[in-house]
Amino acid sequence: EYGCCVVELGKTRVLAQVSCELVPPKPNRPAEGILFFNFELSPMAAPGFEPGRQPELLVKVNRLIERCLRNSKCVDTESLCVVAGEKVWQIRLDLHLLNHDGNIIDAASIAGIVALCHFRRPDVSVQGEEVTVYTPEERDPVPLSIHHMPICVSFAFYHQGTYLLVDPSEREERVMDGLLVIAMNKHGEICTIQSSGGIMLVTDQVLRCSNITAVKVAEITELIQKALENDQKVRKEGGKFGFAESIPNQKITAFKMESTAVDTDKVEEQAEEIIAKAEPPLEVFSTPILHAPGTAQIGEGIENSWGDLEESEREDAAEEEGESEATTLECQKMETEDASTMRETEDTSAVKESKKDEPIVLSDSEEEEVVILEPQEVPKKTRTQTNLKQENTSKKAFNKRRRKKRAAY
């Protein structure tokens, strides 16, 4: 797709993607389009970046990219107007840091300007109040109007400005005393300049850095133009292009591999040679052989090459055999005990039936384990005839007394 770009500076990688949409313009600028920039630092680039938080580096890079690309007027915003005061194109530039190894500002500025140069917006026609947006199949997309290409170059200073370093890496940025960033185009025009770190710079140092920036910007601009021309040429010829084709092959991160030719003319001859050179099996076994518990021969003609069981497996097998023998012995003991108890209970029941009236004798021998005692039946109390007569006489005497008392009253 148009508007996608990947820039590598050493091990630092930045992905840029441009998109567009029709939106109402700003009230103070009704005849100009809108430029929007967004830079993201993901934990994939470096473990120090946390999701959902905006570190100081992110704010710094965002502001510098906006000053470099928007304030320098490198993009003609008036050409993005469709209907003044109603609809304009909003160009959105998203920058994603894929890997952080220092000098993020330079890589982001190069990726941003290249993506803007490579982007194509849909063609539009206006008839009265009706706005028609054409697809790429209906009409060829229209490129953005780019006046110039501002590119940032970073300089790191050490020992209070004694030493100067261009394009510092991540480790070099940790120990630097100050940083100077100069954005310039190939015409030698300074678009923006920023100094950070609290270091005092002399005029000669700034002029020296500007001269180095002019040389670097000319070289980078030439590389950008060549890359854009090659992409346009490949697209016209119908060759392979796009972001997926930029990924190098023969790597674990790629989803494809180059096809390799295989010679299949003499396959049968080679197979016969291999079979002839191969050694025949040493012994042939017609029946499977059990080497040890849990193993057996595989196949019919070749002996199993696994060998005997290892020492640990042998120990486990011996332990299992010992446990099985112990369990069988315990089962036999339990069966003998149950049989003896059943016999004893049968004997005791027979003795009770034969000798119910005889008194129970407790033996002092320790051999008898269980002794069942049955208490004798309690004789029922019966009232004698004498007792009944005495009760009757006592009741009669009591009744006579009550009658005498009533007659006296």
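Helix H4 spans residues 203–237, and its 35 residues reach 51 Å from first C-alpha to last, close to the 51 Å expected at 1.5 Å a residue. That expected span is 1.5 Å times one less than the number of residues. The model is predicted, so local features need pLDDT of at least 70 and side-chain atom pairs pLDDT 80 or more, while totals for chains, interfaces and linings use all residues. Numbering starts from 1 along each chain as its sequence is written, and side-chain values use heavy atoms, without hydrogens or water.

Several H4 residues are buried, among them Cys-209, Val-217, Ile-224 and Arg-235 (buried means under 20% relative accessible area, 1.4 Å probe, protein chains only).

| Element | Residues |
|---|---|
| Helix H2 | 104–118 |
| Strand S10 | 151–158 |
| Strand S11 | 163–166 |
| Strand S12 | 178–184 |

Just after H4, Gly-238 has a positive phi of about 80 degrees.

Now to the core. The largest nonpolar core holds 58 residues, and Leu-95 is one of those with the most contacts inside it. H2 gives the largest share of this core, 11 residues. Such a core is a set of buried Ala, Val, Leu, Ile, Met, Phe, Trp, Tyr and Cys residues joined through side-chain atoms within 4.5 Å. Leaving aside neighbours within four places in sequence, Leu-95 is in contact (heavy atoms within 4.5 Å) with residues including Val-14, Phe-39, Ile-65 and Ala-108.

As for the whole protein, eight helices and 13 strands are present (DSSP runs, H or I of at least four residues and E of at least two, numbered from the N terminus). Buried residues make up 26% of the 409 residues.

Notes
Buried means under 20% relative accessible area, exposed over 50%, partly exposed in between (1.4 Å probe, protein chains only).
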